[in-house]
Amino acid sequence: MSLEEMYRAVILDHYRSPRNREPVERPDATAEGSNPLCGDEVTIAVQLDGDTLSAISVQGQGCSISQASASMMSQAVLGKTEKEIAEMTETFKKMMGVIETEEVVVDEDRPGATLGDLEALQGVRKFPVRIKCADLAWTTLEEALGQ
Amino acid sequence: MIDWDAVRADFPILSREMNGYPLAYLDSAATSQKPRAVLDAIIEFYTTTNANVHRGAYALADEATQAYEAARSTVARFVGAQTDEIVFTRGATSAFNTVAYGWALRNLREDDRILLTIMEHHANIVPWQLISDLTGCDIEFVGLTPDGRLDMEDFYHLLDDDVKLVGASMASNVLGTINPIEEIAEAAHGVGALVIADGAQAVPHTRVNVYETGVDWLCFSGHKMLGPTGIGALWGRPELLESMEPAEGGGEMITDVRLDGATWAAVPHKFEAGTPPFAQAVGLGAAVEYLEAIGMDNIEARERELTEYALKQMANVDGLTVHGPPTAEKRVGAISFTLADIHPHDLATILDQRGVAIRAGHHCARPLARSLDVPATARASLYLYNRESDIDALIEALADAKELFSVA
């Protein structure tokens with residue numbers, strides 16, 4: 001996996017044009033996450049309709065990996081149930097090696113089949129100091145939904 | 001004439017490759033690399049002379065003590081001080097804390113003010129915030145001019161009789177700016193304030209004479225000047241060191257301990273509680289001797305040459321902004337920059353692929369980052385072992401980054 005692949009177009013696209021930046025009106029839960037060592041910051045606000053995530057906003061600043069991951073995540077979890085989001089979070093963390101697993105998470109022959117665009121972040125695994133950048137939004141969302 | 005290639009060859013780590021490229025180490029403001037002479041001195045000490053200092057009545061312990069005290073004399077000579085005016089600490093940070101708890105806590109009260117500069121490292125901010133919490137004293141910050149220098153007009157505006165302590169870096173670890181410390185000290189003394197200077201980025205790179213600076217305390221660290229980690233120094237005016245209380249208590253800093261109290265050892269030992277980092281002190285002594293053999297004037301001139309070269313090459317990179325003085329005048333070789341909308345952490349990762357090691361972040365100076373209105377910067381910092389080709393590697397790697405991020 002080369003650097004070019006890590007910064008492939010999809011990550012840059014989400015970095016430059018982050019999705020779901022509009023504030024959520026009357027959020028049911030919010031959480032702030034940061035990596036104090038590098039200064040990445042993400043604030044997530046969600047609205048729930050029953051157990052379905054009906055609206056999400058992502059704000060923050062930081063490197064392309066942290067902000068693109070947050071943007072892609074916001075698209076992926078919108079409209080999903082809390083259970084589905086928990087499963088997706090686990091799959092993502094397995095893909096990034098944050099949760100250790102023997103499972104092969106991403107099917108090389110069917111790119112995008114498991115996690116969609118988020119699979120573009122898989123290359124970050126090769127740069128261990130950057131994994132926490134990719135993971136920040138997910139951990140912050142977990143915190144918001146845990147409230 | 002100094003053979004700078006031979007100097008570089010004294011640093012074994014610089015022959016490493018990173019990601020298939022020669023290591024271009026541009027992070028000396030964070031920590032410097034070590035020459036063979038320092039590594040050898042540490043190994044030699046542990047191999048032949050190791051015993052606890054100022055304790056044992058046997059010959060080996062005496063040799064160790066002499067080596068430790070010889071290192072103190074060497075460090076003192078290097079900054080133009082007397083031997084007993086040098087307190088060995090764990091680093092610059094603990095030197096600041098020694099003054100914070102040994103002097104400020106006992107001398108400052110509500111209505112007093114500490115004046116700092118916005119470009120201070122957290123080591124010269126947070127100890128004073130802790131003292132402010134304990135004493136109720138205020139803290140104010142002197143701002144910057146648009147070209148990244150200290151705003152002396154603001155300094156004079158904020159300096160009044162309530163100011164009891166002024167804290168200023170001699171050189172900024174982020175901007176590279178060399179501050180007019182002599183002028184600051186003179187003006188501060190004019191209102192009855194004392195001055196503590198952060199020499200962490202100045203002592204390794206320029207000739208410093210504590211008495212010429214006019215300050216009252218100077219803090220610096222060993223690992224940024226070719227020495228090992230875990231050792232630094234506090235210099236203080238002898239009458240101040242005499243009047244200060246120890247910030248830490250323990251073994252080795254007493255003359256007597258009774259059940260109802262203790263009396264302190266003489267300066268500087270009263271500030272050196274516990275077993276001191278004596279092997280590290282010996283390493284620092286060797287580092288100072290290495291720097292002296294080359295000559296601080298030569299080192300300063302070489303670094304100015306490299307800084308000029310770096311600033312010139314960086315000025316040719318479209319989209320690159322240098323945060324700090326744009327010329328090598330009154331400046332050290334810590335150069336902070338941003339490149340278009342590429343986040344500094346992305347830059348650091350991309351540059352690493354070409355063996356170029358730079359720092360990215362707020363450089364332990366968040367108030368400064370906020371005042372520059374950037375969340376983070378990239379920083380390339382130079383030392384005597386760098387060469388023009390390290391800077392060329394940086395410039396080439398910056399082109400890679402622009403291509404990856406599709407920046408024109």
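Start by selecting helix α11 (residues 296–315) and helix α14 (residues 388–404), both of chain B: their axes come within 10 Å and cross at roughly 20 degrees. Axes here are lines fitted to C-alpha atoms, for helices over the stretch in contact, and angles run from 0 to 180 degrees between N-to-C directions. Helices (H or I, at least four residues) and strands (E, at least two) are DSSP runs, numbered from the N terminus.

Before moving on, note that this is a predicted model, in which local features need pLDDT of at least 70 and side-chain atom pairs count only at pLDDT 80 or more, while totals for chains, interfaces and linings use all residues. Residues are numbered from 1 along each chain as its sequence is written, and chains are lettered from A and ligands numbered from 1 in the order in which they are written.

Back to the helix pair. α11(B) and α14(B) are roughly parallel to each other (angles under 35 degrees count as roughly parallel, over 145 as roughly antiparallel, 65 to 115 as roughly perpendicular and the rest as oblique). Show Tyr309(B), Ala310(B) and Gln313(B) on α11(B), then Glu388(B), Ile391(B) and Ile395(B) on α14(B), to see the residues that make the contact. Two residues are in contact if their C-beta atoms, placed from the backbone, lie within 7 Å.

Next, the sheet of chain B. Select β13, β14, β17 and β16: these four strands form an open sheet in the order β13-β14-β17-β16, with antiparallel pairing. Strands pair if DSSP finds at least two bridges between them. At the edges stand β13 (320–323) and β16 (359–361), each with a single partner strand, so one side of each has no neighbour in the sheet. From one strand to the next, the twist averages 30 degrees. For a close-up, pick Arg359(B), whose bridge partner in β17(B) is Arg379(B).

Over to chain A. Helix α2 (residues 9–16) and helix α3 (residues 64–77) of chain A have axes that come within 8 Å and cross at roughly 85 degrees, so they are roughly perpendicular to each other. Then select strands β2 (residues 40–49) and β3 (residues 52–61) of chain A, an antiparallel pair with nine bridges. In their hairpin, which has two residues between the strands, Gly50(A) takes a positive phi near 65 degrees.

Finish with some backbone details. Most residues other than glycine have a negative phi, and most peptide bonds are trans. Asn20(A) has a positive phi near 55 degrees and is buried, with 20 other C-beta atoms within 10 Å. A residue is buried if 20 or more other C-beta atoms lie within 10 Å of its own, exposed if 12 or fewer, and partly exposed in between, with C-beta atoms placed from the backbone. Last, a cis peptide bond with omega about 5 degrees joins Val267(B) and Pro268(B).
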